[in-house]
Each structure stands twice: as structure tokens, then as C-alpha cells.
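Here is my notebook from an afternoon with this model.

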There are 2 protein chains.
Amino acid sequence: MRRKVYVEGERPDIRVPFTEVVLSGGHEPVRLYDTSGPGSDPEVGLPPLRRPWRRAGTQLAAARTGEITPEMEFVAIREGVAPQLVRDEIAAGRAVLPANVNHPESEPMVIGSRFLVKVNANIGTSAVTSSVAAEVDKLTWATRWGADTVMDLSTGPDIHRTREAILRNAAVPIGTVPIYQALEKVGGDPVKLSWEVFRDTVIEQAEQGVDYMTVHAGVLLPYVPLAVGRVTGIVSRGGSIMAAWCLAHHEENFLYTHFAELCAILARYDVTFSLGDGLRPGSIADANDEAQFAELRTLGELTKIAWAHDVQVMIEGPGHVPMHKIKENVDLQQEVCDGAPFYTLGPLTTDVAPAYDHITSAIGAAMIGMFGTAMLCYVTPKEHLGLPDRDDVKAGVIAYKIAAHAADLAKGHPGAQAWDDALSRARFDFRWEDQFELALDPDTARAYHDETLPAEPAKKA
Amino acid sequence: MRRKVYVEGERPDIRVPFTEVVLSGGHEPVRLYDTSGPGSDPEVGLPPLRRPWRRAGTQLAAARTGEITPEMEFVAIREGVAPQLVRDEIAAGRAVLPANVNHPESEPMVIGSRFLVKVNANIGTSAVTSSVAAEVDKLTWATRWGADTVMDLSTGPDIHRTREAILRNAAVPIGTVPIYQALEKVGGDPVKLSWEVFRDTVIEQAEQGVDYMTVHAGVLLPYVPLAVGRVTGIVSRGGSIMAAWCLAHHEENFLYTHFAELCAILARYDVTFSLGDGLRPGSIADANDEAQFAELRTLGELTKIAWAHDVQVMIEGPGHVPMHKIKENVDLQQEVCDGAPFYTLGPLTTDVAPAYDHITSAIGAAMIGMFGTAMLCYVTPKEHLGLPDRDDVKAGVIAYKIAAHAADLAKGHPGAQAWDDALSRARFDFRWEDQFELALDPDTARAYHDETLPAEPAKKA
């Protein structure tokens, strides 16, 4: 049996959720990290639990003064570590705690290589398909299966309303790519973009409560030609937009030239930077090339500027990388970004399996997680082919929870193996019900077992 | 469009199959390794193509005299390497070419770390479910999706007849675990097993044409107590059977004490040893323990005995291993077994995801392949839960073809990346039909694309 339990912190309004798996035969219950949130009526939204903790200044600023905020205490309980470790890692820039002051519905979580590896799920409406209700449903569905953060990548006319519905129902941090909405505002023509349109969009989204924003400030004018000889050019949508702008105006990327102003805005709301890799490789052939690494070095430079403004930063990474070139990505990122958390998309370890890119990339994700990546952006089976539906979201989240947990085991995260051991003991004892309840996906494990051996006694034999 | 083409060798009866993907717009066609066989009427079986190449002495014996057999030439064309490399790797024991003289229907293939990483699929009837026809269908289905060898793990009354049907329809090498049938012959009681019953079973299977046999000759009496303190004890079926026999008789494993006699039998048919890891770990907790590595060292000793009899050998490996302990397995195996090919089951990199063990293990399989494992035994989504059906066989094979190809890329196998590059170019050019045809699974890639964008123009846009 599974049930939700809460562990209280020093102050009674710190209530940290866990899924407790109650086992048969007197075996100790097992507590699992729980991202599912308290559950909401989509029309009403979640209660603003963090409202009383509201503060001026970012979590980074607080950590630097030595303060342990309620958010830090919350995540320390969640991770099973000392609150001082959380504070110190945030203070050093090696971890982020994305928590916009205007998103009080979220349950605090931390992203950093000393903590459990996290998983992000992308959702979002497009002009072609989907509705606001469907996206809120995908959010709830993604966090039910373990997504630690969700990015709303909506395009089309309903962006603001979709995001509002998502934020008010999200117990996890929400990320966005503001350039997508800015582009809608200028009629879809990248050339018409400007710093002013972008700035206003960022303020609009920060006011709503977006917790982290992807900003492609490292796509510099001189780097664009480096992508010309590639097999797959520039595949990042944000990267393509900014490259088009730079080339049309023959001016430096306005996200780069206005970066300090942007920092000042993000600091006011404690929005975390997710510095985008607009020149990430889109194929095995283009992995670890000059374009990619030139941009990464610029992201390292921007990291220091953000930190000078007390803004939290994580760095986005590839994409498509063969296994033997994965470690180099983490090592270089950690070096040039002074240990800021790495947040990678996969990477896919081969290009030959469209429809199975949750698997091609789970391999890369597990490895890059082991090497120190702090958060893994999921890839669904529909990657490169279409928009993910509910089943694809689940398939993507499950594949990435596997990758993240495999990485936690390999890194020797304290307590990670207890889950495996509990399940293995249940397996060895033929305690089938315990095995199902401990499974990452109890429903499917039970269904598969029942297909061949449906009788009740077979589950206890 | 895909079509089957054949490349002829020095002698006209060497005809090596490839899948040729014909691309649009004048792009060069791409040739893919093809395991699907010429196709058979299950009642008639395949033509005995290798009958004219029949010889006395094993491929190993021939290689040691410097001979390049027709089988070696066949695999050289298949792998795109020099026939001398094939011969030399076989002569050194670093590769095997499993080809029982009584299985002339098979298309030669090679297993070794210098060649493409191979995938094995397990099928087989059980007392509970399945039929002979269903197993032949699974064989054809598994090789259609790329299985390089198939193991028939049938239990129950129909073992002999099932195996006969499989062998006569198999264009790939077939492996078995003879102790399973020997156990049926003694009424299912391991204590009643004997060298004589086992020997006769091996001869029966060798006469039928089985290409490689798993033999648990390394489960020694003194090693059995080493598994007592484990979380999941002994999980290998063959390992449990032999451990039970050793304990009941308090005698040394008869497969070990009669190993030289066994070699003499296998040499007559050129059956390849797959030295089983009866003490492989069944959980993350038990990985790389003393029981496992003690047995591995004994397998190293047996490898040399087999080689002295000109018998080809590969070594089976785990199982369940967290990522950071995978490399040690390959390194130790290569060292103690003097470079004999390693053939591993996964390994699963976490225990928490029953119903998704094709993914938990594809991660480990890709990594262990990169480190030098020559063949990967697939794991299906039903692992630990039930018997795989057709869909599970496909899911397992596809996940493992991904792992194997990712490993080929990481090892820099000549020509491996050409496939990725062709698909990536098709993707960048929006040549959707080319992308589907180049995909590991064209059917699913096309279906996923059509779900969101079904219109014909969308495939060319």
C-alpha cells in the first residue's frame, strides 16, 4: 500500500511530502521522494503555502549571508541531508533552488550535483493541437510520475492563459523560454524582436511566477558561422531565433548586451537563469564541436555576471552526444561555469531510432547524471516526430526517473540504494504486492504480471 | 524504400545479405546489417546454404592453421572488415563464429569486441504458455528486428520438437541451456542429475544443430556458501540447479569435473561454449561480489581447457550492476579469460523499475558494450514479471539494438556513424520518408508522425 505522509520541519508550516510504501510481513516501510503535490481543483489552484516565507532578495543572497531559509530547510528534509549543505551549495552557486516569490504554490526543491538527480518534463500547447485543460492535466500527470520541474513551452495565442493555469496548479517549479512568447508578440518574425519586447515579456512572466527561464544569451554573432558546416545546423528553436536576429541586424545578441539589466529583473523575483545552449548539437556528427563549446565558454562568463547580481544560474547542455564524448561535456561545463548546475537534454546517444528517443537518450542521461549533471530534461518517444500526448509524457518521465535513479546509485547518493534493496528483497521473497507497490510504475508492473499469471495466489506464491 | 541486396564473396555461394535503404533526391543509398534471413515456410525450413562448406574441425582450429573459411569470408563482408582480421581474432580466441556443422541454414556471424556489438533474444515455450508455432514466429520476429542470435530456453514436454522447428527455420545461430532439458529428463529433480544424462542431452542437441550452449561449469561447491549472505541469493536457473546438485551430493559440479570430455563432444560439431555465470548477481546489492568473481576466475581456467580442445568460447556476465561498477566486470573478465568474448545479460542499472527493465538494462548494456562486451542478451519489459509476448520481444530487441549501436559509435566502429549521419541529414532536410525508412523501426516512426500530422504534404515539408 502507498500513502502520502508529511514530515514537519522546525516551523510547523514546513510540511515535506513523501510517498510511504507500507510493506507486508513486518518489513520496514520505505519512503520515496514525492513530486505529486497536494492535488488541486484546476479552477481554484493550489493553496499558496510559501506565502508566509516571502522575502526580499534571492535564495542565493540569503545563502551568502549564512541564512537557512524555510525553503532550504524544506529541501534538506526532502533530500535527507543537513540544511547547512543545502545553504552552502546554493551559496557557492553549485545548486539552485528555483522559487519565484510569485509562485507560492510550489514545494521547494534543489538542483545541484550533490543532491538527487532531477528530471524536467516539457509540456505546452501549440498552434496545431492541445488546450489549456489538457496542458494542466499533463502537468499533473508528469508530476504524478515524478517530474521535478515542468517547462511550459507553449506557442500560439493562449500562452499567457495557459501559463497562468499551469502556475496556479503547479507544486513544482515551472520553467519557460520567454523568447517564444516575445516572438508571438512581434508576429512570428525574429527580425522584429527587440530588447524591449523581450524585457517586457520577462517581467510579465516573472510577475506570474515563472521559477526559471531559458535565455539564449550565449548565441553570439561570431559563433553563428561556426554552425554552417554542421550536418544539422542550429536545432535549438531559441538558438535559431537569436541567430536569425543577429544575422539580420548584424548586431550582437541583445540578450548578451543587456544581460546585466536582465539580471536586475530576475533578482527582484528570484527567477533562476537557465542559460540556454542555442548552439547545441542536433546530431551525433555535430557533438562537442567548436560552435557548441564556444557558446559554453560564454555561458561561463555570464554565470559570473548573474552571480554578481545574486541571481541563481543553471546551464543547459546537449542534445545529441555519442557515449564516449559525454564526460567531456560535464567536465568542461563544470570548469568554465565554476560548478554551476548542469541541466541537459538527454543526450541522445544515437540518431537512428526515432520513436525510441526516450531510450536512446535515457542511456546518455544516466551517464551524464553519473558524471555530475544535476537535472535531466526528458525526451519522449515522439521527439522529432510530433507532440507528446499523455502516454508519451509518462513514458518520457519514467525513462528519465530510471536514468536519474541509476545515476544516484552510481554517485552513491545516501539512501538511494535502500529503494532497490527493498524491492529486491520483495522479489526474492516472492512478495508480489510489495514488489508492485515499490515499483516506479506499480500499475504497469501489476498489469504485466497479471497478463501471464492472473490468479491471486500467484501473487503471493 | 528498403530492399534486400546480396554481396557476393570469392565463391559464388557466399551471398551476404544487406538491407539497402534507397533515399530520395539522389542521396547515396545506405546499407544496413541484415539478420532477417531469406524467409522460410515454417513447415519446410530454410535451405541448407552452408552444407557445401562442411568441414572436420572447428572454426578455431581452421583459424589457427591460418585458413580463412567461407564462414570467415562471409562475416568479413558483413562487418566490412578484412577476412584476415576475422581469422586472427578467432585464432586468438577474442572472437567466436558459432556455426554447428549440423545447422547449415545459418548465415555466419561473428562475436568479438573488434566487431559490431551483437544482440541475443531469448525465446522458448514454458509449461504454462506458448506453442511451437508461436516460438518459430517469435524467432522470425526477433531476427526481423535485428536479433543476431536467439536462445531457445524452452521448458516443458515439447523441448526437442520446439528446438527442431526453431533450428530448421533459423538463419541466426541458436543457443540453448542443455541443463534445462536434462532436468526434464530426470523429472525436474536436480539431485537426480548426472554427467551421463547431461552428456547425452548435449549430444542430442549438438546433433540437431545447436550453435552454442550455456554450461554452468564454474558453479563450484566451495563457491555456493559465498551466495548465502546475498540479498537475492542465486538467481540464475542453471546456477541454482547446479548448486542444489553440489550441496545434495556434497561433490564437485560434474560439469567441471567432466569438462574435458564435454570439450571433446563440442569440438566434433563446432558447438561454441557460452560459459554460464550461475552466480551472477540478481540485484544491485549483490553486484561484483566474491561469489560472482570467484566463478569468473574459474571460467577463465575453463576457457584455456576449451581452447586446448579447439573449442570456441564466450563468457556470460551479469545481470544487475550499478553504473559505476560496470567497467570492473569487463576489465576482470578480459583479464582472467584472456580476451574471450564477453556476453552479458543487460546489466540492469537499478532494481526499482519492473515493467521497464528493457530500459534499466539498455543503459547498462550500452555502457558494457562500449567497454568491450561483444554480445548483449536482451531483457524485455516482462522481465521478473512474466513471459514475453511478441510485442515484448520487439521492445527488447529494439532497446538492445539501440544499446549495441550506441556502443558501436562509442567504440568508433568503422562505418557505424554513416547510418546516424544519413538519418540526421534526412531530418535536417525534412525528408520524412527517408527518415522513416532509415529508422531502426520504420513502422513506429511513421505511425507516431502520422498521429499528429497525418497529411501527406507534411511528410515532405
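Predicted model: local features only at pLDDT ≥ 70, side-chain atom pairs only at ≥ 80, totals over all residues.

**Entry 1: the interface**

I counted 14 residue pairs in polar contact between chain B and chain A, both residues at pLDDT 80 or more. For a polar contact I took a pair of N or O atoms within 3.5 Å; within protein, one must be able to donate a hydrogen and the other to accept it, and residues adjacent in sequence count only if both atoms are side-chain atoms. I next looked up which elements give two or more residues to the side of chain B that touches chain A, and found helices H13 (357–370), H14 (390–410), H15 (416–428), H16 (432–438) and H17 (442–452) of chain B. The largest share, 10 residues, comes from H14(B). Helices here are DSSP runs (H or I, at least four residues) and strands likewise (E, at least two), numbered from the N terminus.

Residues are numbered from 1 along each chain as written, chains are lettered from A and ligands numbered from 1 in the order written, and side-chain values use heavy atoms, without hydrogens or water.

I found 66 residues of chain B in contact (heavy atoms within 4.5 Å) with 66 residues of chain A. The two chains bury about 5400 Å² between them, 72% of it on carbon and sulfur atoms; this is the accessible area (1.4 Å probe) lost on being put together, summed over both.

**Entry 2: symmetry**

I superposed chain B on chain A with a rotation of 180 degrees and 0.0 Å of shift along its axis, RMSD 0.0 Å. That is the relation of a two-fold axis. The same surface serves both copies, with 98% of the contact residues of chain B recurring in chain A. Ile363(B) comes closest to the axis among the residues of chain B, at 2.3 Å (C-alpha).

How many salt bridges cross the interface of chain B and chain A? I found two, taking a side-chain nitrogen of Lys or Arg within 4 Å of a carboxyl oxygen of Asp or Glu. Glu451(B) and Lys382(A) meet in a salt bridge at 2.8 Å, N to O. Lys382(A) also pairs with Asp392(A) at 2.6 Å. Asp392(A) lies in helix H14 of chain A and Lys382(A) in the loop between strand S13 (375–377) and H14, so the pair ties together parts 10 residues apart in sequence. Lys382(A), Asp389(A), Asp392(A) and Glu451(B) are linked in a network of salt bridges.

Is Lys382(B) buried or exposed? I have it as buried, at 1% relative accessibility, where buried means under 20% relative accessible area, exposed over 50% and partly exposed in between (1.4 Å probe, protein chains only). Its contacts beyond four places in sequence include Tyr448(A) and Glu451(A).

**Entry 3: elsewhere**

I also looked up Glu204(B), which forms a salt bridge with Arg163(B) at 3.4 Å. Glu204(B) lies in helix H7 (195–208) and Arg163(B) in helix H5 (159–168) of chain B, so the pair ties together parts 41 residues apart in sequence. Arg163(B) is buried, at 1%.

Technical notes. Least-squares fit on C-alpha atoms with pLDDT ≥ 70 in both.
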